[in-house]
Amino acid sequence: MPNTTINLPDEQRVVVTGSGWVTPLGSDINSVWERLLNAESAVAPITHFDASTFATNFAAEVSDFNLSDFFDDPKGTHDTAGRSTQFALAACHNAFKQSGLDTNPIDPTRIGVYLGAGEGVLDYEPYMAANVAAWDHDARAFNPKTWADVAYQGMTPAPELEQEPQLTALHLAKRFNAQGPNLNCMTACAASTQAIGEAAELIRQGDADIMIAGGAHSMIHTLGITGFIRLTAMSTRRDDPTTASRPFDVSRNGFVMGEGAGIVILESLASAKARGANILAEVSGFGSTADAYRITDIHPDGQGGAGAMQMALDQAGINPADLDDNGRPLVHWINAHGTSTQENDKTESNAVRSVFKDNAMKVPFSSVKSMLGHLIQAAGAVEFITCLKAIETGVIPPTANLKEVDPVCGLDHIPGEARDCNPIGGVTTTLSNSFGFGGQNDCVCLTKYTG
Amino acid sequence: MNRSVVITGMGPLCSIADSAESFWDALTQGATSITPIDTFDASGFSCPFAGQVEANVRDWVPKSYRKATKVMARDTELAVIAAKIAADDAGLLTSGSPEEELESTNGFQINPIRTGCQIGAGLIAADTAEMSRAVVTATDDSGTFNTQSWGTEDGADAGMNNLPPLWLLKYLPNMLACHVTIIHGLKGPSNTIMGAEAGALLSIIESARVIQRDAADMCLTGGAESRLNPLGLLRWDYAGRLANLKDQSDIDPTQAIKPFDSSSQGSIMGEAGGMLVVEEESHAKSRGARAYARISGFGSAQSLNPPLPIFNETPPTTDEAMSRAITTAIKQAGIEPHEIDAVLPLGIGQSDLDIREANALRNALGEHAETVSLVNLCNRIGNTLSAHAGVMTAAGALMLHHQHLPANTTTLSNSGFFCPDKKAELHHVLICTSSLAGQCAALVLSKL
């Protein structure tokens with residue numbers, strides 16, 4: 001097989017050696033995994049602010065999170081870090097530990113960071129005070145001079161600057177001494193899958209030996225929730241929040257917001273071997289495309305998503321038409337973008353069918369957003385880690401709350417109960433899809449590392 | 001993986017230019033444009049001056065797309081206009097070209113799936129006037145914003161319904177790339193990189209890597225940003241990156257900002273779109289494209305101690321990460337430091353940052369750093385943040401193309417002396433920058 005990643009020299013093969021997450025179901029990899037296999041939902045009424053009168057008043061919140069549970073000295077440098085940056089610091093701490101880099105550091109100029117971290121949360125009280133004060137009721141006009149006066153009084157430098165999305169990557173660089181290339185991308189819901197894919201390419205092209213990659217985000221705040229309510233993109237099932245996220249179900253009516261972070265350690269195979277690191281899986285393919293269609297809609301055929309999947313499969317040297325000796329397609333699980341919106345779930349299903357054609361009904365397909373909600377920019381990284389776990393354990397998590405599959409989404413769904421693939425040879429290859437608002441599509445292919 | 005990347009088009013949209021030609025004229029004539037902010041009353045802010053762009057996005061999009069300009073923030077408008085200028089400059093025909101042009105044989109019809117788009121963008125502040133008008137409908141008796149009244153249970157005209165339905169879509173940073181990819185039908189890899197003053201350079205580097213790994217033949221790349229709004233002016237002031245020129249209406253702002261000069265009063269912002277077309281060299285040749293310069297090397301690195309008022313520490317007086325990025329770029333270009341004929345630094349005009357940058361140049365270039373020609377743009381157009389390195393790269397490419405140095409070049413050893421424009425033998429030009437959050441990037445452009 002020419003031109004496929006696993007035939008490249010060790011310097012250009014990229015493996016995963018560490019993973020960590022902070023999710024609405026917890027921060028420990030294995031216990032969250034158990035809860036996902038049990039189809040537990042993290043969705044409940046919003047507690048971060050008073051959302052009682054909002055059309056969507058529920059979300060999947062991270063609860064009981066304390067940075068001091070991860071670090072002995074969380075204060076000082078990270079004193080002012082915003083919520084999502086703290087999630088990223090905690091997730092990276094666990095990823096570093098698993099990779100063995102915490103006790104066995106390497107040349108810091110060869111470690112980089114590539115995140116799809118979102119913006120921080122507004123400093124609401126002084127921000128709103130300035131906005132309220134600046135409205136001149138008599139003139140029915142906004143007064144920028146008043147805004148400036150009130151803003152300079154109430155808004156302070158640290159909370160303002162910590163909202164800049166690249167500050168998350170700076171905090172990680174400082175904490176984990178990563179002095180190589182440092183990037184942060186914002187491609188909405190596709191961001192952290194894209195960050196992982198591009199980070200792998202940076203290693204392949206020799207710009208770094210190790211990349212801290214992933215994402216972090218929290219939009220569970222007044223204007224974050226407001227924005228998606230106005231777009232009518234979120235479920236409004238206020239009477240039954242725990243089942244509100246129901247990807248591919250005929251009665252789905254929008255996504256449910258989540259928050260959190262996922263961080264993985266990517267490394268050249270040469271570096272991992274030299275350190276004697278434990279290898280979790282290999283990044284065998286990455287695809288990235290743009291729909292170039294419309295700002296508000298996905299292309300109905302899902303051609304952008306299909307293109308990203310095909311590109312990832314091509315790089316991994318996988319033909320979607322092939323079956324193995326047991327009659328299984330070579331991809332053993334597609335971790336769906338599966339947001340629970342009418343449009344995404346339909347077009348994503350079309351995209352899978354257009355790539356896998358006759359084999360489409362044989363490729364297991366499920367969405368953990370049914371349990372964790374949609375972590376927006378952090379979603380792809382957290383879902384990437386579920387692919388690592390599926391490869392490690394041979395078990396595929398279910399789509400919770402999927403009672404009646406929408407006929408337009410007909411595929412090999414895993415409703416309600418996890419699927420143990422060990423009797424048929426486990427899980428050796430997965431795809432993870434992430435599609436962003438405005439038509440940005442990314443897909444990463446992970447493969448079990450066998451040498 | 002020996003795919004060489006060249007620059008075949010540019011859209012340097014800034015306060016002194018709106019095309020490759022007008023930009024080159026402005027550079028050789030030493031033009032500057034930093035003026036009182038005229039889009040709102042900025043007198044309450046520390047720096048009410050900026051480099052401002054005059055352009056109406058409706059003039060730069062296909063007729064069928066004019067309606068969509070309503071959901072464009074200023075940043076997106078700048079990206080869309082600059083991308084159109086760059087695509088035209090490169091002779092590209094895209095789905096955004098008028099029909100009569102598509103039918104002509106002049107120009108190159110792009111292959112959508114082999115064309116990518118990487119754009120450096122900043123956080124886009126929600127329009128404060130729009131927000132202010134909406135939030136005053138949701139205050140309690142004490143006049144404080146109240147989320148209960150903001151919810152829509154009270155009916156159709158309640159709080160949040162005063163924001164337009166597509167409100168959020170206007171402010172997502174990836175909307176710059178989304179509109180550009182939709183207008184031009186670009187279906188290859190697409191990304192939005194948040195790196196403030198380094199954003200455009202990191203995007204150009206990623207585009208070069210995308211082309212080198214054969215995931216595309218060409219990319220629209222660079223950056224665009226405008227923080228000329230209340231929240232932007234406040235934040236960049238809080239970041240220590242703006243001069244305090246409040247209540248100095250008689251001042252000449254172009255004389256207030258002096259890169260690498262200890263008498264500089266600080267930095268001033270600008271708005272811009274700095275977009276380029278970068279292309280695989282044999283692809284450019286086969287379609288007979290004019291190439292300005294070759295991207296022969298690049299590097300990036302992270303500073304652990306950028307000067308930010310949130311960390312309780314004294315940053316070192318040299319930006320070690322920037323010198324590392326420069327050294328990597330020069331090595332990749334296969335040249336020695338003394339072969340760099342001119343440098344486009346960030347030169348932000350804020351003395352603590354300028355000292356770090358000057359020392360980084362000294363570390364990377366040795367003695368050559370003292371006398372190599374420096375071309376500063378911040379004092380001509382303002383610090384245009386995510387767009388800046390796109391505009392810098394366009395300037396460097398034009399210098400190599402014309403074999404000519406712009407007016408008012410200077411040197412580290414004599415930062416107060418400005419050379420007139422002149423013919424010069426230029427082989428390699430270095431572009432380098434560092435960002436608010438300490439991301440450093442460097443690019444070497446070489447003569448073709």
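Colleague: Before we look at strands, when do two of them count as paired in this predicted model?
Modeller: Happy to start there, as this is a predicted model. Two strands are taken as paired if DSSP finds between them at least two bridges.

Colleague: Then over how many bridges do strand E8 and strand E9 of chain A pair?
Modeller: Strand E8 covers residues 210-218 of chain A, and strand E9 covers residues 259-268 of chain A. One bridge joins A:Ile210 to its partner A:Glu267 in E9(A). The two strands pair in the antiparallel sense, and the count is 9 bridges.

Colleague: Nice. Which strands stand at the edges of the sheet in chain A?
Modeller: The sheet is open, with mixed pairing, and its 11 strands follow the order E7-E4-E8-E9-E1-E10-E17-E16-E11-E12-E14 in chain A. An edge strand here has a single partner strand, so one side of it is left without a neighbour in the sheet. In chain A that describes E7 (182-184) and E14 (412-413).

Colleague: Which helix of chain A lies across E8 and E9, and at what angle does it run to E8(A)?
Modeller: The helix is H7, residues 191-204 of chain A. Besides E8 and E9, the strands it lies across include E1 (14-22), E4 (111-115) and E10 (281-290) of chain A. Relative to E8(A), H7 runs at about 170°.

Colleague: Moving to chain B, how are helices H8 and H16 oriented to each other, roughly parallel or roughly perpendicular?
Modeller: H8 (residues 199-212) and H16 (residues 388-402) of chain B pack with their axes 5 Å apart, at an angle of about 65°. Angles of 65 to 115 degrees fall in one class, so H8(B) is, relative to H16(B), roughly perpendicular.

Colleague: And which residues of H16(B) make that contact?
Modeller: From H8(B) come B:Ala200, B:Leu201 and B:Ile204. By class, the contact has 4 nonpolar, 3 polar and no charged residues. On the H16(B) side, the contact residues are B:His388, B:Ala389, B:Gly390 and B:Thr393.

Colleague: Which helix of chain B gives the most to the side that touches chain A?
Modeller: The contact takes 75 residues from chain A and 78 from chain B. The side of chain B divides into 46 nonpolar, 23 polar and 9 charged residues. With 6 residues, the helix that gives the most to that side is H4 (residues 128-135) of chain B.

Colleague: Last one: what separates the centres of the two domains of chain B?
Modeller: The domain assignment of chain B gives domain 1 as 5-124 + 172-446 and domain 2 as 128-167. Taken over C-alpha atoms, their centres are separated by 38 Å.

Technical notes
Residues numbered from 1 in each chain as written. Chains lettered and ligands numbered in written order. Predicted model: local features only at pLDDT ≥ 70, side-chain atom pairs only at ≥ 80, totals over all residues. Helix = DSSP H or I, 4+ residues; strand = E, 2+ residues; numbered from the N terminus. Contact = placed C-beta atoms within 7 Å. Axes fitted to C-alpha atoms, helices over the stretch in contact; angles between N-to-C directions. Domains from an automatic or database assignment. Nonpolar A, V, L, I, M, F, W, Y, C, P; charged D, E, K, R; others polar. Parallel < 35°, antiparallel > 145°, perpendicular 65-115°, else oblique.
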